Amino acid sequence: MRYGFTFLGLESKTMKILNRNNDVEMYELLHVLNFDPVRRRMSVIVRSKSGDTLLFCKGADSSIFPRVRQEEVERIRMHVERNATEGYRTLCVAYKILSAEEYAQADAGLRDARLALQDREEKLMTVYNQVETGMSLIGATAVEDRLQEEAAETMEALQGAGIKVWVLTGDKMETAKSTCYACRLFQRSTELLELTVRTLEDGERSREVRLHELLLEYHKKAVQDAPPVKAGVNRSWSSAGQDYGFIIDGATLSMVLNNSAESNSSRYKNLFLQICQNCTSVLCCRMAPLQKAQIVKMVKNSKGSPITLSIGDGANDVSMILEAHVGIGIKGKEGRQAVRNSDYAVPKLKHLKKLLLAHGHLYYVRIAHLVQYFFYKNLCFILPQFLYQFFCGYSQQPLYDAAYLTMYNICFTSMPILAYSLLEQHICIEVLLDNAPLYREIAKNAVLRWGTFLYWTVLGVFHGLLFFFGVRFLFSNPALQDNGQVFGNWSYGTIVFTVLVFTVTLKLALDTRHWTWINHFVIWGSLAFYCVFQLLLGRNNMAFPEATTFVLCVCQHAELGVSLAGHHLAHPAQPTARDPACGVPQTPRAPRSTEEDGSVERWGPPVSPVFSQAPAHENLFR
Ligand SMILES: Nc1ncnc2c1ncn2[C@@H]1O[C@H](COP(=O)(O)OP(=O)(O)OP(=O)(O)O)[C@@H](O)[C@H]1O
Ligand SMILES: [Mg+2]
């Protein structure tokens, strides 16, 4: 090592460095050649007190080694690989002295590129690549990049839950591999299938040929020769057979995805995907940010359209976070870009376990129940109204009072399901966290399938039929009271509605497993509110038909909707007026007879006796 130093600080373009003799050296900072994950290195150009202009460059070994004089490389490479295998994050450092001419050229190039209005990034990249050549290797650093707390437990839980984990990193293969072992994604028993530049190197055959051979070999091992798994069970969840882990690097991935022959490219892609799907974990190392997104997209569009989730903490993870169905950012030291572009942000990786296995599980069940319960309760509600039309001569007479129609979904049945969808815990959180396999019960949208949807639909139809025909049976003799007083349409509708509100609310009460005071309050409170409302409304106009103004409208053409439609089609040019009560278009002809007895209005020809003779509230079901 020619330079041993500690970076002390940066003050208005002056760098202070503590050298190995404990002397402070001052440098003027001339340029910073920023880091980017594709180049995988960054540099500074500084001027020392003695007037020398120096360029210092640090970065990944794979991007520094080709740019330095080769004599020093082998010795440093050995150290770098050993450190990387032990799990350290390694960086190589190089420098070069710039002559006045070289600096002037670099300075002009950098200024021009920075001021360019078009293709600025490309121009900067070209200048960076020109300047960062012919350097001398100083050495390498190895930093312990500790796993976050409970990272291993989190990964284990995710795998137990049947979630396939793919590690996409820009890091070196050795470091990434040892990280995978540390967080138990790879076990001792896992057989690693490696498809990297190193395994493609074969003196005799070209890389293309070797890639083809290896893909076929791994496919045979992991897919063809693997024991069959039960239908509906993902191989990674099955305990049968050998565990495989797959490793691929960025350069090889480019060969797989962007093969020059179009047919080969899609074939390689399919083989690659099938191998990965049959492996317990997949490690993709030395990935550029766009390659990470490319992989997520490929998995997302693969057979079975799996749901993808990306989690990352750095700016280089943004593209994959945006590409995945669910993007999660970790609030880390690497800036806030990942968090800003994510759907959810967590402070630590360990929180992913609770987020998915507990909250994800519970909210999925809650929302699935909410959606299906809404179908159910509205089917129960509207089916009697629909059936009623067959018994009221298709007159569009509502079965329920307008107040009921308005308030059913807003007031009487909304709060219990709202509380359910926020608070329900069919399994308590601790049990969910301790038993990751429970997550498999809801995998592949298990609760929103045809089976459950049909159950709710059939239940809704059954209840709707029961309410309507049950009350009709009750009304087979409309004189329900001793004094012979008969009840009419509104009483009928009110009874159906009351049974409906009680049934759908009690159904939810039966489904609720986690009772809090809020559930008690909203469930019993909704029923109590309905009863109070019923009493108040009934006093005014509702439960007793005598108090009700009953308007029955039978339109001139409306005995059958079909004949009405036919009539208007036959006179397209005739201006039509609208029936004042029901809005049905009329011909301009004046009504042939109009009868008003305070409760019934009629237009057009005499209507059938069922509508015209009896008082309005009595004419039903005669
Ligand atoms: N600030 C930096 N200066 C110089 N080189 C860096 C810097 N940060 C990372 N590198 C090098 O560039 C490589 C790629 O970085 P990148 O950020 O894409 O991935 P990573 O940090 O290794 O892993 P991850 O994808 O998990 O963030 C790193 O492995 C490292 O060798
Ligand atoms: Mg990084």
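How many residues of domain 2 are in contact with residues of domain 3? In this predicted model, local features need pLDDT of at least 70 and side-chain atom pairs count only at pLDDT 80 or more, while totals for chains, interfaces and linings use all residues. Residues are numbered from 1 along each chain as its sequence is written, and chains are lettered from A and ligands numbered from 1 in the order in which they are written.

Begin by selecting domain 2 (151-349) and domain 3 (356-547); such bounds come from an automatic or database domain assignment. Here 5 residues of domain 2 are in contact with 6 residues of domain 3, contact meaning C-beta atoms, placed from the backbone, within 7 Å. The side of domain 2 that touches domain 3 comprises 3 nonpolar, 2 polar and no charged residues. In these classes, Ala, Val, Leu, Ile, Met, Phe, Trp, Tyr, Cys and Pro are nonpolar, Asp, Glu, Lys and Arg are charged, and the others, Gly among them, are polar.

Next, select helix 14 (residues 351-388) and helix 16 (residues 414-423), which pack at an angle of about 160° with axes 8 Å apart. Helices are DSSP runs (H or I, at least four residues), numbered from the N terminus. Axes are lines fitted to C-alpha atoms over the stretch in contact, and angles run from 0 to 180 degrees between N-to-C directions. Among the residues that meet are Arg-366 and Tyr-373 in helix 14, and Ile-417 and Tyr-420 in helix 16. By class, this contact has 5 nonpolar, 2 polar and 1 charged residues.

Definitions and conventions. Helix = DSSP H or I, 4+ residues; strand = E, 2+ residues; numbered from the N terminus. Contact = placed C-beta atoms within 7 Å.
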